[in-house]
Amino acid sequence: MTTSTNKPTTTTVDAVMSGLMRRYSERVPDVHKVLDSMVKEGIIQSPGDVENDHIAFRTMGVPNLGIASFEKIFMHYGYERRDEFNFVGKKLTAYWYSPPGVDSPRVDSPRPDLPRIFVSELRVHELSEEAQRIIHKYTDTVKSDPVDSLNLDDAEAVDQFLHQPLWETPTLVDYQTLLAESEYAAWVIYNRYYLNHFTISVHNLKAGYNTIDAFVAFLEEQGLKLNSAGGTIKVSPDGDLRQASTVAQMIDAEFANGDIFRIAGSYVEFAERRILPPFRDLPADQITRQHRREGFETGNADKIFESTFTTQTGR
Ligand code: OOG
Ligand code: NI
């Protein structure tokens with residue numbers, strides 16, 4: 001009777017994940033479009049066959065919120081914080097988190113089937129006085145860290161938290177002022193903790209679709225609009241992490257006073273993680289996740305962020 005009492009069961013994190021995915025796929029029609037085309041093409045039997053490489057969230061770096069608050073949710077489920085990333089021009093800091101491993105004290109078993117998580121934060125204090133004033137007008141109503149008063153073992157409470165307004169609905173003028181200075185700030189002030197994207201792993205798909213080049217060709221045949229920032233396929237300097245993404249789906253957002261304006265919602269990403277050089281001669285049936293390129297890449301991520309930027313959505 002030492003650790004088992006407040007050890008969350010694996011079903012808590014599974015329930016939180018499925019709540020996130022449900023609302024996300026309702027909001028992003030491209031999710032169904034991609035999955036349905038994959039089924040029709042015979043790439044997968046059903047949407048459940050897709051491996052989710054990672055999911056991503058965006059946060060405001062202000063007291064009581066930001067990464068320091070948000071990460072507590074998934075670290076409670078056994079996720080571990082990994083590398084830090086700095087996006088100088090966009091004024092963002094990010095970390096990625098690996099799913100509960102063999103030595104995780106928080107869950108009954110390792111869960112390599114769960115997606116990695118990428119969480120970023122806007123360094124609000126680096127913005128102009130005006131942008132800071134606008135952001136604080138909303139976020140200052142959060143007087144204590146909301147995650148501290150959440151029962152993280154209650155999946156329904158967590159699901160509600162992730163989809164509730166954390167602050168007042170912004171005015172359209174405030175949204176547009178932020179948009180002119182930081183597209184990321186504008187995205188978060190309206191979308192908050194909505195799932196930013198999920199990511200289809202392409203390397204385990206059947207031959208003919210298991211490279212990012214082949215998969216991107218397939219997506220383009222289906223008429224999907226892909227993020228072109230820095231080139232459609234983003235490649236890490238080592239060549240082993242290759243990513244592409246759709247351009248964010250537009251949503252008719254309702255602002256304060258009932259103003260309606262079309263803004264960027266969420267998008268879908270695709271990732272190929274190549275087998276690392278020392279393992280390239282292993283038989284294919286022996287290759288598992290630990291033989292492939294891990295983590296993320298600043299240069300790739302910097303361009304993937306732009307999937308929600310007007311430079312892409314307005315193309
Ligand atoms: C995250 C962009 C970075 C990746 O896989 O490198 C990313 C975002 O748009 O919030 O997803
Ligand atoms: Ni991503």
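Biologist: Which residue with a positive phi follows helix α7?

Modeller: That residue is R192, with a phi near 50°. Helices (H or I, at least four residues) and strands (E, at least two) are DSSP runs, numbered from the N terminus. This is a predicted model, in which local features need pLDDT of at least 70 and side-chain atom pairs count only at pLDDT 80 or more, while totals for chains, interfaces and linings use all residues. Residues are numbered from 1 along each chain as its sequence is written, and chains are lettered from A and ligands numbered from 1 in the order in which they are written.

Biologist: How many residues of α7 are buried?

Modeller: A residue is buried if 20 or more other C-beta atoms, placed from the backbone, lie within 10 Å of its own, exposed if 12 or fewer, and partly exposed in between. In α7, 9 of its 9 residues are buried; among them are E183, W187 and N191.

Biologist: Which residues touch the most other members of the largest nonpolar core?

Modeller: In soluble globular proteins, nonpolar side chains tend to be buried together. A nonpolar core is a set of buried Ala, Val, Leu, Ile, Met, Phe, Trp, Tyr and Cys residues joined through C-beta atoms within 7 Å. The largest core here has 71 residues, and I135, A185 and I189 touch the most other members. Helix α7 (residues 183-191) supplies the largest share of this core, 7 residues. With neighbours within four places in sequence left aside, I189 is in contact (C-beta atoms, placed from the backbone, within 7 Å) with I135, Y138, P170, Y175 and L178.

Biologist: In what order do the strands of the open sheet lie?

Modeller: Two strands pair if DSSP finds at least two bridges between them. Here 8 strands follow the order β2-β3-β4-β1-β5-β10-β7-β6, with mixed pairing. At the edges are β2 (80-87) and β6 (234-235), each pairing on one side only. Strands β2 and β3 are antiparallel over 6 bridges, and F85 stands opposite A94 in β3. They form a hairpin with 4 residues between them, where K91 in the turn has a positive phi of about 60°. Elsewhere, 5 bridges link antiparallel strands β7 (residues 241-245) and β10 (residues 267-273), with A244 opposite F270.

Biologist: Which strands does helix α3 lie across?

Modeller: Axes are lines fitted to C-alpha atoms, for helices over the stretch in contact, and angles run from 0 to 180 degrees between N-to-C directions. Helix α3 (residues 66-76) lies across β1, β2, β3 (92-98) and β4, at about 165° to β4. Its buried residues are G66, S69, F70, E71, I73 and F74, and their cover includes β1, β2, β3, β4 and α5 (155-162).

Biologist: Why is D30 classed as partly exposed?

Modeller: D30, in helix α2 (residues 29-40), is partly exposed because 19 other C-beta atoms lie within 10 Å. Not counting residues up to four places away in sequence, D30 touches L224, T246, Q249 and V268. Its C-alpha atom is 7.6 Å from that of Y267, 237 residues apart along the chain.

Biologist: Which element gives the most residues to the shell around ligand 1?

Modeller: A residue is near a molecule if its C-beta atom, placed from the backbone, lies within 6 Å of it. Helix α9 gives the most, with 3 residues. The elements giving two or more are β1 (52-60), β4 (116-122) and α9 (298-304). Residues around the ligand include R58, S120, Q243, E269 and N300. The shell divides into 6 nonpolar (Ala, Val, Leu, Ile, Met, Phe, Trp, Tyr, Cys and Pro), 2 charged (Asp, Glu, Lys and Arg) and 4 polar (the others, Gly among them).

Notes. Two residues are in contact if their C-beta atoms, placed from the backbone, lie within 7 Å.
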